[in-house]
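Here is a short report on how two parts of a protein chain meet. Have a look at the model first, and then we can walk through the contact together.

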Amino acid sequence: MYAYEALPVAEWFRRNRELAGFHNPTRALYQTIRELTENSLDATETYGILPTILLRVNVEDEQKGWVSVYAEDNGIGIPGNEIPNVFGRVFYSSKYRIKQHRGVFGLGLKMVVLYAQSTTNKPVLVRSAPLKSDKIFEYQIMIDTNSNSPIILDKREYPNKYRWHGTAVKVYLEGNWLASKKRIEDYLRRTAIIAPYAEIIFKGPDLELWLKRRTTKLPPAPKEGLPHPRSVDVDTLKQMIQESRGLTLQEFLMENFDAVGEGTAKAFLEWAGFNPNMKVRALTPEELVRLVEKMKQYEGWRRPRSDWLSPAGAELLEIGAKAILGAEAVFAVTRKPESYGGHPFIVEAAVAWGGQIPPGDRPVLLRYANKIPLLYDEGADVARKVVDEFNWQNYKVKFPAPLAVIIHVCSTKIPYASAGKEAIAEVPEIEKEMRLALRDAAKKLRLYLSRKEKEMEMLNRYITLAKYIDEVAYNLALVTRIDKEPIAGNLHKLIEKKIGLTVDELVKHTLSMSSTQQEMAEAAPQ
Ligand code: ADP
Ligand code: MG
């Protein structure tokens, strides 16, 4: 006999936690930092607040392998009555809207709490105050996985004397600090590259990072949007219709979808063979399916609006990459919005050259989705493929080269290759944009490298000519009976004039080049 039963959703996630990145104590610690950091960034920058995030990892019990993670931000906080659900109910979120966020599933915090209680049996400690709140709320929460609801172990309120706003979270979990240290550091540095307006302070057992704010410029906040007609499925449409009161088909389309005005709605309905004045509630199930099919096929929609997106922008990428990678030069581009299956997306790319970037046989790749650094599953990511297939020779790059490539995709729906959200799937539209973004950035790099090459040539010519100065000056001095020194000086000036740069400038420009080139520059007469 089979024993049939339903598995509650929270219990399912507790059992299948590796699907959300909580495979083992190493990954779990990394993932905990990631979820908390991303929530903090969402709660600040999306609302025009410059993020200040404090993170602490402590080893609590070495024998048991227990650690604690503390995360505090200066964000918009969480209303007191929402705290229990936000921490204690799987799939509870304020981000199920068409707008770019880091969080998408309403799952991150709950996975942290579930993993923590499964390994240490301790509750999560939360302290939060919303903007302008005169109270600070404090909770201790665990999750009842059978009912998918919060268990409140303790609850307090304090007067908010100093009008603090933000959220602080502390959890105890089984975590392998030593094994995850490198990834955590990498993750935080990469976050600082794409969010140079954030200040992130990290304190771990043997690692302290102070990632300073490099700019006070925030990217424009995303607006909240409507779905594009091409992006909905039958079920979604059914739900929308249920909420639609007594609208006609034409009114329904205009009211509920992005980029559909009166003209577009009429033209579409005529093309699709529907009566614009019929009540939307009167659609039969067959008609519903046909409507969705037609909505996907119709060529006349305007492309999805991109106001729901918030790319970093070339300027911030350049600031971030220079500061964190210590690159000599960074060239970034933000492509124009495009779309796939009705979802708007924007690709950004940057190439970082020289400085502290170690020369490698292929470019170091830094991948991002909605400003989240992706660290695992690089091989499965379409960005890796694009970068590997890219014809670098056309852009004057010869390997080994000190080259890093940043590729950022932002979208209201990132097509992840797996539930682990660590790699972007091969969507042709996105792949194409990645290629073009990389090309645009690499063109700028080529210009830069050829300018440097020219400067090198001039320096070499100078060195060649300068070898003769002494001898020529000596002979001229003999003939003219003028002192040799001023003649030599003038000859130097003459050459400098001919190559259009002073030797000092030349040497300065070329000093940052590769070692053999550098030696030559140093050998140049001062
Ligand atoms: P998601 O981030 O996908 O929405 P989470 O479980 O990580 O899912 O978070 C649930 C909700 O809790 C968020 O949608 C947000 O409203 C709220 N939240 C979480 N962390 C913070 C924070 N640091 N500041 C303000 N709100 C937060
Ligand atoms: Mg989240």
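In this predicted model, 25 residues of domain 1 are in contact with 32 residues of domain 3, where contact means heavy atoms within 4.5 Å. The model comes with some ground rules: local features need pLDDT of at least 70, side-chain atom pairs count only at pLDDT 80 or more, and totals for chains, interfaces and linings use all residues. Residues are numbered from 1 along each chain as its sequence is written, and side-chain values use heavy atoms, with hydrogens and water left out.

The bounds below come from an automatic or database domain assignment.

| Domain | Residues |
|---|---|
| domain 1 | 9–211 |
| domain 2 | 229–297 |
| domain 3 | 306–446 |
| domain 4 | 447–523 |

The C-alpha centres of domain 1 and domain 3 are 28 Å apart. Between them, about 2600 Å² is buried, with carbon and sulfur atoms giving 61%; this is the accessible area (1.4 Å probe) that two parts lose on being put together, summed over both. On the domain 1 side, Gln100, Ile193 and Ile194 lose the most area to domain 3, together 30% of what that side buries.

Now for the charged pairs: the rule finds two salt bridges across this interface, each a side-chain nitrogen of Lys or Arg within 4 Å of a carboxyl oxygen of Asp or Glu. Glu422 forms a salt bridge with Arg34, and their closest N and O atoms are 2.7 Å apart.

Note on methods: Chains lettered and ligands numbered in written order.
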